[in-house]
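Take a look at the model below. Keep it in view as you read.

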Amino acid sequence: CRMEMKRVSAGELRAIGYDEADRLLRVEIGSRVIEYSGVSYEVWRRLSGSSSMWSYYRDNIEENYSERIVR
């Protein structure tokens with residue numbers, strides 16, 4: 001899917017994107033791109049609005065959703 005990626009600089013996060021229809025979160029970490037499925041809009045809203053995105057990602061997303069390595 002074509003997804004708007006938002007450039008960020010938070011810990012190792014380089015960019016984040018979300019597809020609300022597919023509930024798909026995409027994160028760019030260094031040279032890797034990872035997709036997480038089943039992510040609610042609320043989780044996306046909290047991640048994208050967080051003052052400590054990297055911590056939020058590590059605490060609430062990384063271990064809680066199944067991941068698919070895109071690249």
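This report covers a hairpin, a helix pair and a core.

## Ground rules

This is a predicted model: local features need pLDDT of at least 70, side-chain atom pairs count only at pLDDT 80 or more, and totals for chains, interfaces and linings use all residues. Residues are numbered from 1 along each chain as its sequence is written, and side-chain values use heavy atoms, with hydrogens and water left out.

Helices (H or I, at least four residues) and strands (E, at least two) are DSSP runs, numbered from the N terminus.

## The hairpin

Strands β1 and β2 run antiparallel, joined by four bridges. Two strands pair if DSSP finds at least two bridges between them. Two residues lie between β1 and β2 in this hairpin. Glycine 11, in the turn, has a positive phi of about 60°. Alanine 10 stands opposite leucine 13 of β2.

## The helix pair

Helix α1 spans residues 41-49 and helix α2 spans residues 53-60. Their axes come within 8 Å and cross at roughly 150°. Axes are lines fitted to C-alpha atoms over the stretch in contact, and angles run from 0 to 180 degrees between N-to-C directions.

From α1, the contact (heavy atoms within 4.5 Å) uses Val43, Arg46, Leu47 and Ser48. From α2 come Met53, Tyr56 and Tyr57.

## The core

A nonpolar core is a set of buried Ala, Val, Leu, Ile, Met, Phe, Trp, Tyr and Cys residues joined through side-chain atoms within 4.5 Å. Buried means under 20% relative accessible area (1.4 Å probe, protein chains only). The largest core has 19 residues. Leu13, Leu25, Val27, Leu47 and Tyr57 touch the most other members. Helix α2 gives the most to this core, with four residues.

Technical notes
Buried means under 20% relative accessible area, exposed over 50%, partly exposed in between (1.4 Å probe, protein chains only).
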